[in-house]
Amino acid sequence: MTAAIEVKAVDKSFGNVGIIRDLNLNVAQGERHAVIGPNGAGKSTTFNLISGHIKPTSGEIRLNGEVISGLRPFEINRRGLSRSFQVTNVFARMTVWENVRCAVLWATGHRYAFWKNVDHLPEVKQRTAQILDDIHLSHRRDVPAGLLTYAEQRELEIGITIASGASVIMLDEPTAGMSHAETDRAVALIRRLTEGRTLVIVEHDMSVVFGLADRISVLVYGNIIASGTPDEIRGNPKVKEAYLGEEVD
Ligand SMILES: Nc1ncnc2c1ncn2[C@@H]1O[C@H](COP(=O)(O)OP(=O)(O)O)[C@@H](O)[C@H]1O
Ligand SMILES: [Mg+2]
């Protein structure tokens with residue numbers, strides 16, 4: 001079967017500084033794939049490359065078999081890839097409802113226009129309500145997103161990312177800054193909402209990574225030093241030496 005994501009020999013330099021070096025990554029359809037590695041290894045940069053927010057210096061990226069490197073983010077999004085950012089990225093002054101509706105409108109191909117009343121579109125309304133229900137924020141629907149708790153904002157963001165109906169979801173540190181209880185909730189949410197889709201996740205909490213991922217790639221200094229199942233990664237001496245150390249013993 002065609003890979004959901006295929007990154008082939010990608011390099012990325014900022015000025016003279018090579019940040020991503022000969023990056024090769026394969027994510028199968030329907031797989032939950034975690035990317036781990038130390039701070040500054042290039043995990044977010046890898047996401048930016050795949051989602052089209054930055055362009056590779058060289059190499060090729062495919063989504064469902066189609067070359068997407070060189071396309072713009074919205075074009076890649078239209079082809080079925082949706083991502084979240086490491087920093088919370090919701091519209092603080094819009095209500096929870098409006099934030100989700102905005103994503104739904106985009107996903108259903110409606111052009112937003114301020115003079116149009118979009119609330120009468122039944123499928124948009126229904127979808128928005130469904131997503132709010134999925135992320136357990138129905139009771140907060142009329143609250144400006146900026147007034148949500150931090151964890152609620154991140155959950156809203158996960159909902160918005162997934163609302164697009166994309167088949168490939170990329171989440172960059174979705175549980176960062178959350179308590180244990182909030183993390184558990186968020187992971188359950190991610191698991192449920194990405195059922196039947198492909199997930200690529202950057203995550204620093206190793207219990208989350210090893211509990212959630214089907215496969216793991218380890219990024220160190222802009223290069224993937226190992227990809228494999230959790231057991232393979234756990235037992236890989238190169239990974240232990242370069243990154244995980246005693247963390248997984
Ligand atoms: N737009 C940019 N211009 C210059 N350097 C950048 C840019 N984006 C990221 N970097 C550098 O690339 C390296 C990897 O960053 P990043 O991908 O954010 O790491 P990670 O997400 O793994 O912590 C860092 O050294 C960072 O400073
Ligand atoms: Mg990062």
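Which residues does alanine 41 touch, not counting residues up to four places away in sequence?

Author: Alanine 41 touches Leu219, Val220, Tyr221 and Gly222, when residues up to four places away in sequence are not counted. Two residues are in contact here if their C-beta atoms, placed from the backbone, lie within 7 Å. This is a predicted model, in which local features need pLDDT of at least 70 and side-chain atom pairs count only at pLDDT 80 or more, while totals for chains, interfaces and linings use all residues. Residues are numbered from 1 along each chain as its sequence is written, and chains are lettered from A and ligands numbered from 1 in the order in which they are written.

Alanine 41 sits in the loop between strand E3 (32-36) and helix H1. Helices (H or I, at least four residues) and strands (E, at least two) are DSSP runs, numbered from the N terminus. Alanine 41 counts as buried because it has 24 C-beta neighbours inside 10 Å. The limits are 20 or more other C-beta atoms within 10 Å of a residue's own for buried, 12 or fewer for exposed, and partly exposed in between, with C-beta atoms placed from the backbone. The C-alpha atoms of alanine 41 and isoleucine 224 are separated by 9.6 Å, although the two residues are 183 places apart along the chain.

A contrasting loop residue is valine 87, found between E6 and helix H3 (96-107). Valine 87 is exposed, because 10 other C-beta atoms lie within 10 Å. The C-alpha atoms of valine 87 and glycine 211, 124 residues apart along the chain, are separated by 24 Å.

Alanine 41 also belongs to the surroundings of ligand 1, which are formed by Phe14, Ile19, Gly37, Asn39, Gly40, Ala41, Gly42, Lys43, Ser44 and Thr45. A residue is near a molecule or strand if its C-beta atom, placed from the backbone, lies within 6 Å of it. By kind, this shell holds three nonpolar residues, six polar and one charged. Ala, Val, Leu, Ile, Met, Phe, Trp, Tyr, Cys and Pro count as nonpolar, Asp, Glu, Lys and Arg as charged, and the others, Gly among them, as polar. Helix H1 (residues 43-51) gives the most to the shell, with three residues. The buried residues of H1 are Lys43, Thr46, Phe47, Leu49, Ile50 and Ser51. Just after H1, glycine 52 takes a positive phi of about 90°.

Two strands pair if DSSP finds at least two bridges between them. E6 and strand E7 (residues 168-172) pair in the parallel sense over three bridges, and the bridge partner of serine 82 in E7 is isoleucine 169.

Strand E1 (residues 5-14) and strand E2 (residues 17-27) pair in the antiparallel sense over seven bridges; serine 13 has glycine 18 in E2 as its bridge partner. Their hairpin has two residues between the strands, and glycine 15 takes a positive phi near 65° there. E1 also pairs with strand E4 (residues 58-63), antiparallel and over five bridges, where valine 7 stands opposite isoleucine 61. Two bridges join E4 to E5, which run antiparallel. Together these strands make an open sheet of four, in the order E2-E1-E4-E5, with antiparallel pairing. E2 and strand E5 (66-67) are the edge strands, each with a single partner strand, so one side of each is left without a neighbour in the sheet.

Within strand E2 lies aspartate 22. Its phi is near 45°, a positive value in a residue other than glycine. Most residues other than glycine have a negative phi. Aspartate 22 is partly exposed, with 14 other C-beta atoms within 10 Å.
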